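Subject: Structure handover

Hello,

Here is the structure to be handed over. Please open it before reading on, as the notes below refer to it throughout.

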Amino acid sequence: MARRALKLASLTAAASGIYVYGNKFLDPNDFGVVRVGRAIATTAVITYDYLTSLRSVPYGTEEYEFLKSQVHLRSAERLRELCCSNRGTFIKIKELFMSFEDIPLGAASLAQVHKAVLQDGRTVAVKIQHPKVQAQSSKDILLMEVLLLVVKQIFPDFEFMWLVEEAKKNLPLELDFLNEGRNAEKVAYMLKNFDFLKVPRIYWELSTRRVLLMEFMEGGQVNDRAYMERNGINVNEISRNLGKLYSEMIFVNGFVHCDPHPGNVLVKKCPTSGKAHIILLDHGLYQVLSESFRMDYCRLWQALIKADMKRVQKYSRRLGAGDLYPLFACMLTARSWESVNRGIDQSPVSASEDVEIRSNAAAYLPQITQLLNNVPRQMLLLLKTNDLLRGIESALHTRASASSFLNMSRCCIRAVSTYQRSRSHSLYRRAQISLTEALNLWQINLYELFLWLKGSQLGNWVIALLRRMHHSTY
């Protein structure tokens with residue numbers, strides 16, 4: 001029975017592309033076709049250890065648990081022997097670290113993370129790339145390409161060859177941990193005005209392409225509402241601030257962290273200031289948006305928020321949607337076409353609308369695959385990012401809040417105005433653009449104040465007072 005259970009666990013790991021060290025490391029958001037190929041080979045090593053060490057040991061006994069811990073230790077030891085080198089010079093673990101936890105904090109298909117303490121007392125997170133991932137990755141991509149070609153021969157309407165193109169482009173970047181470190185520093189500098197954002201500091205002198213040492217940060221996962229309530233963290237504030245971060249990245253800077261699943265976004269209340277911090281981890285996968293794409297995307301979202309269907313059609317077509325622009329609008333907003341026409345900020349997602357969206361997703365699968373094949377490649381990771389962020393909002397029960405659309409509107413106005421000023425050579429025209437920008441932002445601030453008064457006790461008191469004054473006048 002134990003052997004069959006372990007085989008099942010190994011198959012589950014291969015299917016999801018994630019090492020199974022225990023349920024707490026299993027992350028469904030990390031599922032992807034490219035992960036499957038890589039995981040089959042890398043999971044085999046762990047599987048072999050489990051099956052050979054535990055084959056004849058009764059499940060649940062002390063001996064079983066002891067042997068299982070030894071499997072973890074041997075796996076970590078292999079990784080340390082392979083990866084703990086500094087620019088080609090091997091260093092003994094004891095020389096570099098005061099302590100090093102063998103059991104990883106988390107593990108995925110590319111790497112695993114260990115907690116350690118340096119000799120100077122600094123607590124660090126050590127991200128170590130799995131053995132043979134570099135060599136295996138090219139074979140995995142080739143395998144995926146062959147499989148997709150075979151499927152396409154059987155089903156001509158199958159349009160997912162773009163997956164191979166994206167894997168070829170993104171995987172080498174994800175495998176270069178120095179690139180991840182540069183991304184972390186860039187986004188920290190880019191969003192330095194957000195005092196609630198924390199990005200781990202990179203220790204360059206101890207990092208290589210396959211080993212990344214960074215400041216150790218911990219907290220609860222961003223979708224853990226119960227953790228926030230226990231620690232006195234305002235759920236709405238976290239959701240609002242997360243929306244601000246991503247609106248700034250997408251619309252203003254065009255440099256987007258594309259893997260915001262809950263394991264990569266943590267929250268923690270600062271013990272000294274009492275403020276809630278958002279900790280952004282895993283900076284291996286970013287999407288750089290071209291200026292023309294970013295402007296079209298900004299204007300499309302402005303049109304969606306205003307329910308301006310003519311402009312929705314115009315900018316959807318410019319982004320490659322063609323006649324499928326209604327489907328494209330529904331995919332971007334995760335709302336029904338009726339809600340898009342009515343205004344996505346007018347009402348939250350109802351249970352019936354959610355069911356309608358899910359059922360239509362299956363019915364329109366051929367059109368969805370065609371659309372994904374036609375839109376710019378930059379859009380693909382943005383769609384994934386949007387879905388992950390919506391999943392977080394759904395878990396926190398803050399989905400489709402008015403504040404999120406207001407923040408998006410602010411960023412779109414700023415981005416478009418900055419672009420227009422850069423294209424204008426007239427001082428008068430630039431002043432005109434700046435004045436229009438200021439007025440539009442002021443209108444949004446005024447509307448946000450109205451919404452706050454409407455929902456607050458002070459607002460209710462003011463409204464009641466005005467009504468009494470109105471009645472006394474007559």
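This is a predicted model: local features need pLDDT of at least 70, side-chain atom pairs count only at pLDDT 80 or more; totals for chains, interfaces and linings use all residues.

Overall picture. The protein has 474 residues, and 47% of them count as buried. Its secondary structure consists of 19 helices and 13 strands. Among contacts with a separation of 6 or more, 64% are made by residues 24 or more positions apart. The exposed surface comes to about 24700 Å², with 57% of it supplied by carbon and sulfur atoms.

Nonpolar cores. The largest nonpolar core holds 90 residues, and the members touching the most others are L245, Y297, W301 and M379. Helix 10, residues 291-306, is the element that gives the most to this core, with nine residues. L245 has contacts with L191, F194, F196, L197 and I278, once its neighbours within four places in sequence are set aside. There is also a second, separate core of 13 residues, with F97, L206, V211 and L213 among them.

H277 sits in strand 12, which spans residues 276-280. Its relative accessible area is 16%, under the 20% cut-off, so H277 counts as buried. Leaving out neighbours within four places in sequence, H277 is in contact with D195, F196, K198, L266, V267, K268 and C270.

D259 is found in a loop, between strand 10 (255-257) and strand 11 (265-269). D259 has a relative accessible area of 7%, and because that is also under 20%, this residue is buried too. Which residues does D259 touch, not counting those up to four places away in sequence? They are N264, D282, L285, K384 and L388.

A helix pair. Two packed helices are described by the angle between their axes and the distance between the axes. For helix 11 (residues 309-318) and helix 12 (residues 325-333), the angle is about 90° and the axes are 9 Å apart. An angle from 65 to 115 degrees counts as roughly perpendicular, so helix 11 is roughly perpendicular to helix 12. On the helix 11 side, the residues that meet the partner are V312, Q313, S316 and R317. Helix 12 brings Y325, F328 and A329 to the contact. Sorted by class, the residues in this contact are four nonpolar, two polar and one charged.

Regards

Definitions and conventions:
Residues are numbered from 1 along each chain as its sequence is written. Side-chain values use heavy atoms; hydrogens and water are left out. Helices (H or I, at least four residues) and strands (E, at least two) are DSSP runs, numbered from the N terminus. Buried means under 20% relative accessible area, exposed over 50%, partly exposed in between (1.4 Å probe, protein chains only). Contact means heavy atoms within 4.5 Å. Accessible areas come from the Shrake-Rupley method with a 1.4 Å probe; for residues, only the protein chains shown count as cover. A nonpolar core is a set of buried Ala, Val, Leu, Ile, Met, Phe, Trp, Tyr and Cys residues joined through side-chain atoms within 4.5 Å. Axes are lines fitted to C-alpha atoms, for helices over the stretch in contact, and angles run from 0 to 180 degrees between N-to-C directions. Angles under 35 degrees count as roughly parallel, over 145 as roughly antiparallel, 65 to 115 as roughly perpendicular and the rest as oblique. Ala, Val, Leu, Ile, Met, Phe, Trp, Tyr, Cys and Pro count as nonpolar, Asp, Glu, Lys and Arg as charged, and the others, Gly among them, as polar.
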